[in-house]
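Work through the exercises below with the model open beside you. Try each task before reading its solution.

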Amino acid sequence: MYTFPHSFNSARLAICVGAFTSLLLFVSAVFGKEQNLSTNVATVATTKNCSKLLPDEYQGQTLDWSHLRAADLPRELKIFPDQQAACAMNTAICSEAESTKIIAVDVDVFFKDSAIWSKPEQLQPYMELVNRYYQQARITFNFRFRPIGELPAWTENRNQLSIIFAAAMPAPAGKVADAFGNLPAGKAVFNDVLMNRPDRHANPYFLMGKPLGHELGHVLGLAHTQDKALLMTQGTSPQNALDILPEQALIMRIMALQRFGGRLDPVIACH
Ligand SMILES: [Zn+2]
């Protein structure tokens with residue numbers, strides 16, 4: 001659940017054009033009118049110039065989880081622990097999760113009835129920011145925009161990680177939150193109210209970039225944490241950052257591999 005944007009003071013941002021290439025190629029196939037944009041950015045991407053415009057602390061230092069065993073991860077960091085992989089039954093998956101290999105996960109993206117989000121290029125900076133700080137966990141998301149006609153029912157396609165941009169879609173419990181991530185359904189929802197706060201962030205990328213990663217964290221098995229520097233804290237504070245604990249990284253890596261078709265990928269666009 002996400003109830004309010006977190007604060008972030010840096011004006012510097014990263015644009016890592018290489019990571020956009022596959023996304024834009026798909027976008028151009030689905031949204032023909034974006035062809036010119038796709039071509040232009042793809043041309044830039046061939047330079048492989050991953051400019052470092054994010055603050056240094058967000059340059060994606062990989063965490064060290066070598067001292068952790070997947071079978072011993074703390075329950076309090078997990079949302080719905082009973083629904084998570086049992087490493088005794090999934091030794092190969094948990095062993096791969098414990099490695100430092102990059103895990104790539106496909107994320108289907110839908111525009112439902114949002115009055116704010118309707119074009120893929122609106123979200124590219126936020127998705128790039130998410131992929132940047134998820135390098136802490138060596139997880140990279142491959143965002144794939146899908147036609148709304150392919151949106152599955154809430155209880156369908158539960159092993160396909162999906163995110164939905166909606167006007168005011170209620171959570172399963174009935175409340176319309178700013179945003180929420182739901183592990184059982186494998187889906188996260190971002191409602192328009194999230195962007196309609198009167199006191200917006202000074203950093204326009206951060207406003208959406210933080211909730212995106214936070215809700216993906218829920219869908220990948222993470223519960224809320226008290227430490228306000230962590231991505232998974234709830235609420236807003238000057239201490240808010242984009243930090244992920246090694247234990248949280250390992251939980252998400254297991255979920256990505258076991259539940260959402262994550263694949264070990266030796267290539268990462270920028271790091
Ligand atoms: Zn939350």
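**Exercise 1: a loop residue**

Thr225 sits in the loop that links helix 5 (204-219) to helix 6. Helices here are DSSP runs of H or I with at least four residues, strands are runs of E with at least two, and both are numbered from the N terminus. The model is predicted: local features need pLDDT of at least 70, side-chain atom pairs count only at pLDDT 80 or more, and totals for chains, interfaces and linings use all residues. Residues are numbered from 1 along each chain as its sequence is written, and side-chain values use heavy atoms, with hydrogens and water left out.

Task: classify Thr225 as buried or exposed, then list its contacts.

Solution. Start with the cut-offs: buried is under 20% relative accessible area, exposed is over 50%, and partly exposed is in between (1.4 Å probe, protein chains only). Thr225 has 9%, so it is buried. Next, contact means heavy atoms within 4.5 Å. Setting aside residues up to four places away in sequence, Thr225 touches Leu77, Leu230, Met232, Thr233, Gln234 and Gln248.

**Exercise 2: helix 6**

Task: check the span of helix 6 and judge how enclosed it is.

Solution. The expected span is 1.5 Å times one less than the number of residues. Now burial: 11 of the 13 residues are buried, so helix 6 is largely enclosed by the rest of the structure. Among the buried ones are Pro246, Gln248 and Arg253.

**Exercise 3: the nonpolar cores**

Task: find which residues touch the most other members of the largest nonpolar core.

Solution. A nonpolar core is a set of buried Ala, Val, Leu, Ile, Met, Phe, Trp, Tyr and Cys residues joined through side-chain atoms within 4.5 Å. The largest has 60 residues, and Tyr134, Phe141, Ile163, Phe165 and Met208 touch the most other members. Elements giving two or more residues to this core include helix 3 (91-98), strand 1 (103-111) and helix 4 (120-133). Helix 6 gives the most, with 8 residues. A second, separate core has 8 residues, including Ile164 and Phe180.

**Exercise 4: strand 3**

Task: describe the burial and pairing of strand 3.

Solution. First, 5 of the 5 residues of strand 3 are buried, so the strand is largely enclosed by the rest of the structure. Ser162, Ile164 and Ala166 point one way, while Ile163 and Phe165 point the other way. Strands pair if DSSP finds at least two bridges between them. Strand 1 and strand 3 run parallel, joined by 4 bridges. Asp108 has Ser162 as its bridge partner in strand 3. Strand 3 and strand 5 also run parallel, with 5 bridges. There, Ala166 stands opposite Asn191 of strand 5.

**Exercise 5: the disulfide**

Task: locate the disulfide and give its handedness.

Solution. The criterion is a pair of cysteine sulfur atoms within 2.5 Å. Searching the whole structure gives 1 disulfide. Cys87 and Cys94 form it, with sulfur atoms 2.1 Å apart. The angle about the S-S bond is -80 degrees, and the link is left-handed. Cys87 is buried at 11% relative accessible area, and Cys94 is buried at 3%.
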